[in-house]
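I opened the model to look up how its chains meet. My entries follow.

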Amino acid sequence: MSARGPGRGAAVAGLGWWTRRGLHAQLIIAGAVLLAATVLVGTLINIAQRREEILEDARANTSTLAVNIALTAIDMIVAERYDDLEALLERSARFQSVRSILAVDAHGALLGFVVREADGEPQARYRAPARIERPQDPGRRHVHEDLAARRLIVWQPVSTTDLIAWVRIEASLEPAFAARTRVLQQNLAAGAGAIAVDVLLLLLILSGPRRSVRGAIAFAGRLADAKGSTLQVRPTALEVDTLVRALNDASRMLHEREQALQKANAELLGKERLATLGQMAATVSHELRNPMGTIRNAVTLLQRRLREREPEVEQALQRLVRSTERCDRIIEDMLDYARSQPVHQVRTPLDGYLSSELAHVAPPPGVTIDARLAAPGLAVMLDRERFRSVIGNLCDNAFHAIEQAGERSTRALVVATRPVGGQAEITFTDTGCGMSREALDSAFVPLFSTKSFGVGLGLPLVRQILEQHGGEVEIRSDEGRGTCVLLRLRAACE
Amino acid sequence: MGNLMVRWCRVLLPLAWVGAAPAQSPPWTPPLYTWSVVPQFTALDIHRDWSPVLRHLEHVLPVRFELALAKSIPKFEQSVLAGEPDFAYLNPYHMVKAHAAQGYVPMVRDGARMLRGILVVKADDEVHSVADLQGAVIAFPSPNAFAASLYMRALLHDTEGLSFVARYVGTHSNVYRHALLGKAAAGGGVEATLSREPPGVRDALRVIFRTPATAAHPVAAHPRVPPSLRRQVADAIVGLAGSAEGRRLLQAVLLPRPQVADYERDYAPVAALDLDRFAVPAPR
């Protein structure tokens, strides 16, 4: 399994070009494209504005120059001082962007012509350029832009009352176009810089979340093996942190469910085994009942015949009787547990029921039963027959523990009741030997027993019956000092 | 005691100097002389070319010069005949007239080349000889410009038998522009002024006639100018040719190789040409 997670290559192969980029690349590309579009639009607007400004400047400057030339040249033209006129045109042609200045009289005859090529010195020419058409209207200045040739042409009339001459200035519009190129270059350079900074910033900003997402992907890939471990949460972005926390929760939940499943499987396995065992036990018990009945009848007959004749035999027969009863008890327990008969609950006053049942319990010599019943009037829903097994098993366990503890100042079993909320609590507290940790953990495991004669079905049967009543059982034990078994039953409604 | 005297001297001496100051005479200022130049070029050109020469003369001589610019050649001629400028750079005919009228004395002239009038037409015109100009308009700087106009007109009329319409356009440069722009069929100038024109002008013109050579324009002085100063000015101008910078200045004012002028030798022959027949008297 790769660190990037399972099946990434296969997953990527099925995605489109854009989706395959990944979120960080998408953000970077989208940011760069957005910025580039913004820069482009801004550049176009800037170019248009700048070009119009420069065109307007060129129109204004060239027109002003034409007016000045006309005002100065009028005397020279009238006085036919063509050398002075030429000097004036040469000086004027030194202005930036001026390509040529032409002066013609009202009939189109050449008066002066100066050409300036590139940034060189103005040169006088004495032959008029071809295809020069004078404007028809001498009453105003004529401005013409020839964008294809990148030039601006201004015709300025030189007049007193009548038209004397025309001054024609041809100015280059190259600066306007150069400004456009310059603006384009500057904007593109600035835009490229902004995009580079944007990409770097996004890379920097996204590196943390990207690392976290990659970690999350790898973690998700090994989630099945994570065994409840968690991924470290780095503060990068809300969504990523939430994702990591969700993965951690999923990891924990998965682990818990796996554990629960394992436990359920074990229990199911145990139950199946017990069910099989129970069926076998039930069959065996049922088959043993008849022989046991025969034995019990035979013993009774022998006791009746040999009573007061053979004291030793009588004692042996009594032991035989007790053993037979114990066997009956074991058979009953096994049958009870295996059959898991449904309970038939009836409303039962708890204290009265317990008092009645405890009266039939015969404690071992030296052991007392202390009934501290404190729930008068509290009734519970009980299957009285089956609950009798609960009382019998718990008393037997307590008596056995007390026996195991040996001689003590107090050898007693305290049975107490009390109402707690909507429940009744019944405790069986003995002063016996208590239970070890291991015994406590396995107390409800069927067939587990610390008694030499038990089959380990007492407490499992108690829990089974309690669960059938909707109650629960809990054991608290202090090894060497005693054990308390707590039963909780729902109180019956009024 | 000695220190006390020194302190008193420090206080009193400046006071004594301040008290004595009003009694001093005003600072000496060099005498001012006017210097006029025949306006065969534009005023701007004349000012540009002659100002450095005059500043140099002021530097080496205890005098100051003021450049007097006439608006036209007739105005210049009028001022010279009236004896207004102390010094004048003028053409040989003006020299003769000024000598006769005011006693102006030539001091230096260019010795590199002689003055020669030329008649120019547009290079691509069909005019090939003077005879082709019969009845045409010919531009001249002014009526009394010597080689370009006066001597030229005399020769065209007397020697070539040409009948033409003279148009006076002020300057040599304007003469050449008139010829180039077709405002006149031909123009009268001199070799020296044509050589100063831009190549575009020189190349577009063609010389079809030349006058005989005469002495070039002199720098003349009014007789009221002290002879010693005249000599100093002549020496200073001649001395300018001793340095590269000086030669550059002289080249600009058409005196590339100045030499001392002599009226009898250089300009008396001009007087013998009897050009007054073609001269126009300066307006009064």
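I took contact to mean heavy atoms within 4.5 Å. On that basis, 14 residues of chain A are in contact with 15 residues of chain B.

I noted the conventions: this is a predicted model, in which local features need pLDDT of at least 70, side-chain atom pairs count only at pLDDT 80 or more, and totals for chains, interfaces and linings use all residues. Residues are numbered from 1 along each chain as its sequence is written, chains are lettered from A in the order in which they are written, and side-chain values use heavy atoms, without hydrogens and water.

I checked confidence next (pLDDT, the predictor's confidence in each residue, from 0 to 100). Chain A averages 85, and 96% of its residues score at least 70. Over residues 1–6 of chain A the pLDDT is below 50, and this stretch has ten contacts in the model beyond near neighbours in sequence.

I then looked up the area buried between chain A and chain B (accessible area, 1.4 Å probe, that two parts lose on being put together, summed over both). The value is about 1,200 Å², with carbon and sulfur atoms giving 51%. A:Tyr82, A:Asp83 and A:Tyr126 lose the most area in chain A to chain B, together 52% of what that side buries.

I searched for salt bridges (a side-chain nitrogen of Lys or Arg within 4 Å of a carboxyl oxygen of Asp or Glu). There are four between chain A and chain B. A:Asp105 forms a salt bridge with B:Lys183, and their closest N and O atoms are 3.7 Å apart.
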